Amino acid sequence: MIELVSLLLGSANLSRFVLFPYDMYGAQKAIIRKNFAFYNNLSESDKRIFEHRVIRFIEAHNFSGREGVVITKKMEILIASTAVMLTFGMRRYLFPKFKNIIVYPKNYVSKVTKRRHKGETNPRAGTIVFSWDNFLSGVEVEDDNLNLGLHELTHALHFNFLMDGSFTAAVFLDKFKALLERMKDKKLQRKIVKSGYLREYAFTNKYEFLSVLVEHFFETPHEFQKKLPEVYEMVKDMLNIDLLKMSA
Ligand SMILES: [Zn+2]
């Protein structure tokens with residue numbers, strides 16, 4: 001069967017193969033086209049896979065609004081597309097340990113920390129929380145290295161992989177471990193700080209470091225590659241996505 005499939009697909013990436021993909025409505029595709037350059041740079045067959053994954057992601061997670069937010073199709077599509085973009089190089093793209101996605105209108109007081117948050121990822125409750133104004137500006141401003149959706153979803157992906165025994169998880173965690181190991185090099189540390197490229201928050205702990213790297217990777221890949229080529233390569237490997245090739 002595998003041989004037959006690869007024969008049919010030529011060099012297409014088997015890990016993303018979908019036999020009968022879900023079809024997406026034109027209006028929904030238009031939302032993705034308008035907001036995700038990543039999607040526009042995909043081949044036609046990869047676009048179908050992206051859409052299929054977005055639909056499956058929406059089906060597999062519970063979206064709920066707080067403080068007056070009514071969840072719209074557009075919200076679901078923007079959140080799901082961000083998750084699908086993040087995981088597009090991987091076989092797994094659902095976050096089974098984070099079934100609940102909660103949306104507040106703006107900064108809110110967290111039930112966990114009792115402090116004001118733009119968003120959070122709570123592995124114990126299995127929830128990812130976004131403030132919608134911050135989420136939207138993360139999507140709309142594509143090159144300021146701030147993307148709340150990518151930031152929180154990267155935490156969720158990481159926690160999910162820590163609790164999951166899959167091959168995809170093992171590969172990701174191995175590569176992240178290698179990255180952290182490499183970061184012990186004082187020369188590289190100095191180079192990163194001197195570049196001024198990553199915001200200081202990245203150095204809070206390894207979780208924030210990962211999320212901030214991913215925000216930079218998707219928002220300003222050319223600058224990332226130029227300023228910190230070695231780190232860029234490691235993130236590229238970890239996510240199995242080559243953005244520079246895609247947008248060339
Ligand atoms: Zn964070």
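The legends below describe close-up views of a predicted model.

Local features are given where pLDDT is at least 70 and side-chain atom pairs count only at pLDDT 80 or more, while totals for chains, interfaces and linings use all residues. Residues are numbered from 1 along each chain as its sequence is written.

**View 1. Overall fold of the protein.** The protein contains 13 helices and six strands; these are DSSP runs numbered from the N terminus, with helices being H or I of at least four residues and strands E of at least two. The C-alpha trace spans about 50 × 45 × 35 Å along its principal axes. The radius of gyration is 18 Å, which agrees with the value near 18 Å for a compact globule of 248 residues; it is taken over C-alpha atoms, and the globule rule is 2.2 Å times the number of residues to the power 0.38. Of the 248 residues, 33% are buried. A residue is buried if 20 or more other C-beta atoms, placed from the backbone, lie within 10 Å of its own C-beta; it is exposed if 12 or fewer do, and partly exposed in between. Among contacts with a separation of 6 or more, 67% join residues 24 or more positions apart, a contact being two C-beta atoms, placed from the backbone, within 7 Å.

**View 2. The four-stranded sheet.** The strand order in this open, mixed sheet is E1-E2-E6-E5; two strands pair if DSSP finds at least two bridges between them. E1 (62-65) and E5 (119-122) are the edge strands, each pairing on one side only. From one strand to the next the twist averages 15 degrees. Axes are lines fitted to C-alpha atoms, for helices over the stretch in contact, and angles between N-to-C directions run from 0 to 180 degrees.

**View 3. Strand E2 and its partners.** E2 (residues 100-104) runs parallel to E1, joined by four bridges. Phenylalanine 63 lies opposite isoleucine 101, serine 64 is the bridge partner of isoleucine 102, and glycine 65 that of valine 103. With E6, E2 pairs in the parallel sense over five bridges, and tyrosine 104 stands opposite serine 131 of E6. Four of the five residues of E2 are buried.

**View 4. Helices H6 and H7 against the sheet.** Packing on the sheet brings H6 (residues 132-140) into contact with E2, E5 and E6 (127-131), and the direction of H6 makes about 80 degrees with that of E6. H7 (residues 148-162) also packs on the sheet, where it touches E5 and E6; its direction makes about 10 degrees with that of E5.

**View 5. Helix H5 and the crossover.** E1, H5 and E2 form a left-handed β-α-β unit; a crossover is right-handed if, with the strands pointing away from the viewer, the path from the first strand over the helix to the second runs clockwise. The 14 residues of H5 (residues 73-86) reach 20 Å from first C-alpha to last, close to the expected 20 Å at 1.5 Å a residue, where the expected span is 1.5 Å times one less than the number of residues. H5 is largely enclosed by the rest of the structure, because twelve of its 14 residues are buried. Among them are Met75, Ile79, Ser81 and Met85.

**View 6. Phenylalanine 36 in its loop.** Phenylalanine 36 sits between helix H2 (26-35) and helix H3 (37-40). Phenylalanine 36 counts as buried because 22 other C-beta atoms lie within 10 Å. Apart from neighbours within four places in sequence, phenylalanine 36 is in contact with Ser81 and Met85. Its C-alpha atom is 8.9 Å from that of glutamate 142, 106 residues away along the chain.
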